[in-house]
Amino acid sequence: MIPMIDIRNAEKTFVMHLQDGIRLPVVRGVSFHVAPGECVVLGGPSGAGKSSILKMIFGNYRCDGGAICVQHMGALLDIASAEPRQILGVRRHTIGYVSQFLRAVPRVASLDVVAEPLLAAGVARAEARERAGVLLRRLNIPDRLWKLPPSTFSGGEQQRVNIARGFISDLPILLLDEPTASLDAANRAVVVELVAEKKRAGVAMVAIVHDDEVRHLIADRLVDVTSFAANA
Amino acid sequence: MNAPTYNFAYLDEQTKRMIRRAILKAIAIPGYQVPFASREMPMPYGWGTGGVQVTAAILGVTDVLKVIDQGSDDTTNAISIRKFFEKTAGVAVTTSTLDATVIQTRHRIPEAPLHEKQVLVYQVPIPEPLRFLEPRETETRRMHALGEYGLMHVKLYEDIARFGHIATAYAYPVKVNARYVMDPSPTPKFDNPKMDNCPALQLFGAGREKRIYAIPPYTSVVSLDFEDHPFTRYKHDACCALCGAGESYLDEIVTDNAGSRMFVCSDTDFCETRQAEGHRGSESAPYAENRHA
Amino acid sequence: MLDVTKAPVDNDQPLLLAEGLSKSFGRLHACRDVSFALYPGEVLAIVGESGSGKSTLLQLLSAQMTPNAGSVSYRMRDGVMRDLAALGEAERRFLFRTDWGFVHQDAAMGLRMGVSAGANVGERLMAVGHNHYGKIRQTAASWLERVEISTDRIDDAPKTYSGGMRQRLQIARNLVTEPRLVFMDEPTGGLDVSVQARLLDMMRTLVSELGLAAIVVTHDLAVARLLSHRVMVMQGGRVIETGLTDQVLDDPREPYTQLLVSSILPA
């Protein structure tokens, strides 16, 4: 089966110019692949570079070497060398990202925050809102909050809005960065369910999950990031 | 029989040639404001120095001059200018619109139709129609050059938004020969239609602003408007109290401290001609009877 | 193993192309060798501190200033790429009134302060020959609504408006002719934080709904993050770093960019 994500020898080093140009190697020789319908969970202690790898796949962090190839619009695209507008296209059509923290625009209603990825993909506003509502309800966000901007919500509510926003799209690749970190058991179960649905739909996922139970439930394969540790 | 100390029509010949060149250019480009080296005249700016210089440049010995101010031949301004040219050029003067070959005017176009043998000279205070909204001369010139006249409609838009109709009653902008937007000097918009396709040559002189522009005979002059707010002639809902004319432009005259008023023709020659023909209005008739009684 | 084939070529042509733009004032190099392509629907932020050359660059890009070297080309509505320097003045001004917008930091530069809001919005329509008062007014009213200005205020002059309302009116005035490219010079400068947030949100919505391309000059990285897809960081007249907005802001490479990013006050 053709992998959706194929990473070969990717590496990342931060150079901190404000601290006398100190070099902080993060990862090196990152190589793994993810097939459609598969959920690969990155393992390793904090600071091992799990989040950095996720951000490199999303094009949020630049990749200093190697290749990060994804299936995009029927062809293979190397994120590490892609043009900014190609990466924008990838984010619109191929890769979704659920981060730990919500970076929402002030004043935008939660329902619209969730619906936005669908709008960007060209879905009509009414349908996008409808689907956003269904997802918010599943994640136990009461209707009366939908019109409020998520910045006024509690941490757990914000994260659920964020999860809804991440899971609403029909993108073939999903990156999950601690999706269940501050959720209660009921909502954790919903997320596990959502991941299972995505798998059935053939979505390739890379996840960072610290909760052993959740990891056990969603992981098809574990990739140990400590093997990519860069020697300083 | 001009006074020996003056050159014919006051201005020296070189100055008149300079002004004539400007006039010729203005006629060649209808509605375009031609700069000219406006001279000091023996009268203050605002009293018609632009019109006087144009008149001086075009006057010939056989011309018959008429000068009107607000349509009237007998106001101070009209009389002074008429006397000025009587003295410096020795030309014949008249109050009859029909007989005049050159008519210098402030604010009005005579009611009687003009003919091909006539030149109408306007005194213009502010020649730039865009000035009200765009204070930069460099910018207004560029707008004229490129025919960017959207701004002119902004002014009309504001009128409608504020008053429900285009309230501009004088200096109502026109488009000349389908090209230049022009300020017809502070003539009431009642007179605008008379400018269109007029057999007489119309010349405009602005002394302080140093501009001359022109409308050649039989040139199209269209008042700007909106499709849903077309140009209309403004008119008092009254007839002349002296001659009974119903279609002329009227002045409102307050007759006492109690607020009584009457409306009379602003064009004195037109009104007097009509009265001489036997037309009577509400005020003149009893007077005539009383005098005979 | 898979072969890495060439990335799928996007057939979209650039809307605006800057090549080797340079401008100096005497010995001061305000702008040095700037090249980039802007695509339809793309929002580019030019960031940098005061004096970095970003405002000069905006002037060069919008053909309000002639470069000492280099060129700017723009894809006209007929699809033909034209060198802006080769356009006649009439064409350039027409472009400015129709296919381009320019939002100034100081609303007084972009509005007629003594003329009603309705006429401010309607002016660009009248400039391209619209001649029906009722329709012009209706269009103006619908644009005021879109920028969240009550239509009760349509006959009030912007000098009676608050700073935030003036900026929103400026945006309506620019967008009424459905331009494809809008230049913005510090559009939220000098506004209260809450007013800024509202304006940014509105601009973001309009830009994405209308598929506008925009070039936004700002010293505020938060504005760049909210509005733009791509960022160019300028220092001393040069573009020192460029890339996806979140990439440049989350993973800055150049010392100066790292300094800028580390100078953001925590929200």
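Predicted model: local features only at pLDDT ≥ 70, side-chain atom pairs only at ≥ 80, totals over all residues.
Chain A and chain B, by contrast, are joined by no contact, and their closest C-alpha atoms lie 34 Å apart.

**Chain C against chain A**

- On the side of chain C, 38 residues are in contact with 35 residues of chain A.
- Six salt bridges are counted between chain C and chain A; one of them pairs C:Arg204 with A:Glu116, whose closest N and O atoms are 3.4 Å apart.
- Polar contacts across the interface of chain C and chain A join 13 residue pairs, counted where both residues have pLDDT 80 or more.
- The elements of chain C that give two or more residues to the side touching chain A are H7, helix H8 (221-227), strand E10 (238-244), helix H9 (245-250) and helix H10 (255-262), and the largest share of that side, five residues, comes from H7(C).

- A:Asn60 sits in the loop of chain A that runs between helix H1 (50-58) and strand E4 (65-72).
- With a relative accessible area of 7%, A:Asn60 is buried, because buried means under 20% relative accessible area.
- The side chain of A:Asn60 makes a polar contact of 2.6 Å with the side chain of C:Asp246, and a polar contact of 2.9 Å joins the side chain of A:Asn60 to that of C:Asp250.
- Apart from neighbours within four places in sequence, the residues in contact with A:Asn60 are A:Lys55 and A:Arg91 from chain A, together with C:Asp246, C:Gln247, C:Asp250 and C:Asp251 from chain C.

**Chain C against chain B**

- Here 21 residues of chain C are in contact with 20 residues of chain B, and the two chains bury about 1800 Å² between them, of which 56% is on carbon and sulfur atoms.
- Of the area that chain C buries against chain B, C:Arg93, C:Asn131 and C:Tyr133 supply 37%, which is more than any other three residues.
- Five salt bridges are found across the interface of chain C and chain B, among them one in which the side chains of B:Arg142 and C:Glu89 meet at 2.8 Å, N to O.
- Polar contacts across the interface of chain C and chain B join 13 residue pairs, again with both residues at pLDDT 80 or more.
- Helix H2 (89-98), H4 and H5 of chain C each supply at least two residues of the side that touches chain B, with the largest share, five residues, coming from H4(C).

**Helix H5 of chain C**

- C:Glu148, which follows H5(C), has a positive phi, near 60°.

**Other buried places in chains A and B**

- In chain B, helix H2 (residues 49-58) is mostly covered, since nine of its ten residues are buried; these are B:Thr49, B:Gly50, B:Gly51, B:Val52, B:Gln53, B:Val54, B:Thr55, B:Ala56 and B:Ala57.
- In chain A, A:Leu145 lies in the loop between helix H4 (125-138) and helix H5 (155-167), and at 10% relative accessibility A:Leu145 counts as buried.
- Leaving aside neighbours within four places in sequence, A:Leu145 is in contact with A:Ser110, A:Phe153 and A:Glu157.

Terms used:
Residues numbered from 1 in each chain as written. Chains lettered and ligands numbered in written order. Heavy atoms only, no water. Helix = DSSP H or I, 4+ residues; strand = E, 2+ residues; numbered from the N terminus. Buried < 20%, exposed > 50% of the residue type's maximum accessible area, 1.4 Å probe, protein only. Contact = heavy atoms within 4.5 Å. Salt bridge = Lys/Arg side-chain N within 4 Å of Asp/Glu carboxyl O. Polar contact = N/O pair within 3.5 Å; in protein donor to acceptor, adjacent residues only side chain to side chain. Buried area = accessible area lost by both parts, 1.4 Å probe.
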